[in-house]
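Colleague: Let us go through this model together. I will ask, you answer from the structure.

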Amino acid sequence: MPTIDDLAQLAALLDRDDRGAELYVRWSRGPEVDLPDGLNTDQRSRDALTGIELPGLSANSLRVEPWWGGRSTRLWVARRLYDYRHMRDLHGPAVRPWALVGEECGRGPDNEPLVVCRRPIAWVSDEALRQCEKVVREQRSPEWGPLHRTGLQAT
């Protein structure tokens with residue numbers, strides 16, 4: 001599978017493909033692990049909290065929403081990748097983002113899309129992730145950061 005080494009490459013892919021209508025990003029060990037028997041396999045994820053098997057691969061849409069208007073696709077993609085960068089810390093260095101063409105088949109417990117992968121597209125490189133962090137930092141928003149649960153507190 002090829003690797004996207006530059007954030008602009010991924011943004012261009014979205015711009016060419018109807019602004020990302022069916023493109024998703026998944027943080028995992030990759031299609032070789034998620035799809036051991038190829039695309040015809042029963043594609044499943046597991047909820048980390050309950051252990052329940054989910055009917056699809058947990059992923060996040062890269063589709064640029066209409067309300068985004070004419071704003072930068074590069075910024076959109078940077079935010080979508082930045083949101084889940086903590087996945088590698090939680091699940092180990094073999095966990096990386098990869099882009100795929102998929103079809104939504106449900107929603108997970110965090111309201112994330114569950115998808116059936118129709119075609120893996122490319123890995124997203126560490127350099128592209130560094131570019132995402134830079135783009136997000138340039139927004140200078142003190143109220144914004146990745147979507148990371150730091151632990152549950154008893155009330």
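Colleague: Which residues have the most contacts inside the largest nonpolar core?

Modeller: First, the ground rules: this is a predicted model, where local features need pLDDT of at least 70, side-chain atom pairs count only at pLDDT 80 or more, and totals for chains, interfaces and linings use all residues. Residues are numbered from 1 along each chain as its sequence is written, and side-chain values use heavy atoms, with hydrogens and water left out. A nonpolar core is a set of buried Ala, Val, Leu, Ile, Met, Phe, Trp, Tyr and Cys residues joined through side-chain atoms within 4.5 Å; buried means under 20% relative accessible area, exposed over 50%, partly exposed in between (1.4 Å probe, protein chains only). The largest core has 29 residues, and those with the most contacts inside it are Leu 10, Leu 23, Val 77, Leu 81 and Ile 121.

Colleague: Which element supplies the largest share of this core?

Modeller: Helices (H or I, at least four residues) and strands (E, at least two) are DSSP runs, numbered from the N terminus. H1, S2, H3, S7, S8 and H5 each supply at least two residues of the core. The largest share, six residues, comes from H3.

Colleague: Why is helix H3 largely enclosed by the rest of the structure?

Modeller: Its cover includes helix H1 (7-16), strands S2 (23-28), S7 (96-107) and S8 (113-124), and helix H5 (126-137). Among the buried residues of H3 are Trp 76, Val 77 and Leu 81. H3 spans residues 73-82 and is largely enclosed because the buried ones number seven of the 10.

Colleague: Which residues does Leu 75 touch, not counting residues up to four places away in sequence?

Modeller: Leu 75 lies in helix H3. Its C-alpha atom is separated by 7.5 Å from that of Val 136, 61 residues apart along the chain. With contact meaning heavy atoms within 4.5 Å, Leu 75 touches Trp 68, Val 135 and Gln 139.

Colleague: Which residue caps the N-terminal end of H3?

Modeller: Look for a side-chain oxygen. One lies 3.1 Å from the backbone nitrogen of Arg 74. The residue that carries this oxygen is Ser 72.

Colleague: How many disulfides does the structure hold?

Modeller: Cys 105 is partly exposed, with a relative accessible area of 39%. Cys 117 is buried, at 1%. A disulfide needs a pair of cysteine sulfur atoms within 2.5 Å. The number of disulfides is zero.

Methods. A polar contact is a pair of N or O atoms within 3.5 Å; within protein, one must be able to donate a hydrogen and the other to accept it, and residues adjacent in sequence count only if both atoms are side-chain atoms.
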